[in-house]
Amino acid sequence: MAKKKRHKSTLARATQVKRLTALHYEAGNQSKCYKAVWRVWIYPEFGICYRTYLDLLGIDPEAEEPRRTQAEPSLFDGMD
């Protein structure tokens, strides 16, 4: 399956969500499970649903290439 290109803002948000989760998640502790981390830290900060939170945890920002918008010119445009 081809890697999905994502916007730079989505990759930045995924990085922030992963950082907060790493600080507050504790395996085996129900009061610090993913749902609790989302409820206390992620939802008030980002306003995203739990499913989106889990999707963002699955993104590897370093391995993905950001999507280039049409309005953004390339460094190599017009170098013929």
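**Helix packing and aromatic rings**

Modeller: Happy to! T10 lies in helix α1, where helices are DSSP runs of H or I with at least four residues, strands are E runs of at least two, and both are numbered from the N terminus. This is a predicted model, in which local features need pLDDT of at least 70, side-chain atom pairs count only at pLDDT 80 or more, and totals for chains, interfaces and linings use all residues. Residues are numbered from 1 along each chain as its sequence is written, and side-chain values use heavy atoms, with hydrogens and water left out.

Colleague: Is T10 buried or exposed?

Modeller: T10 counts as buried, at 18% relative accessibility. Buried means under 20% relative accessible area, exposed over 50%, and partly exposed in between, using a 1.4 Å probe and protein chains only.

Colleague: And what does T10 touch?

Modeller: Leaving out residues up to four places away in sequence, T10 touches L56 and I59. Contact here is heavy atoms within 4.5 Å.

Colleague: What about V17?

Modeller: V17 is also found in helix α1, and V17 is buried with a relative accessible area of 0%. With the residues up to four places away set aside, V17 touches I42, F46, Y53, L56 and L57.

Colleague: At what angle do α1 and α3 pack?

Modeller: Helix α1 (residues 8-24) and helix α3 (residues 50-57) pack at about 95°, and their axes are 9 Å apart. That makes α1 roughly perpendicular to α3. The axes are lines fitted to C-alpha atoms, for helices over the stretch in contact, with angles from 0 to 180 degrees between N-to-C directions. Under 35 degrees counts as roughly parallel, over 145 as roughly antiparallel, 65 to 115 as roughly perpendicular, and the rest as oblique.

Colleague: Which residues meet there?

Modeller: From α1 there are T10, R13, A14, V17, K18 and T21, and they meet Y53, L56 and L57 in α3. By class, this contact of α1 with α3 has five nonpolar, two polar and two charged residues. Ala, Val, Leu, Ile, Met, Phe, Trp, Tyr, Cys and Pro count as nonpolar, Asp, Glu, Lys and Arg as charged, and the others, Gly among them, as polar.

Colleague: What sits over the ring of Y50?

Modeller: The charged end of K35 does, 4.3 Å from the ring centre. The cut-offs are NZ of Lys or CZ of Arg within 6 Å of the ring centre and within 35 degrees of the ring normal.

Colleague: Which residues form the aromatic cluster?

Modeller: Y25, Y34, W38, Y43, Y50 and Y53 form one cluster.

Note on methods: Rings of Phe, Tyr and Trp (its six-membered ring) pair if their centres lie within 6.5 Å; planes under 30 degrees apart count as stacked, over 60 as edge-to-face and the rest as tilted.
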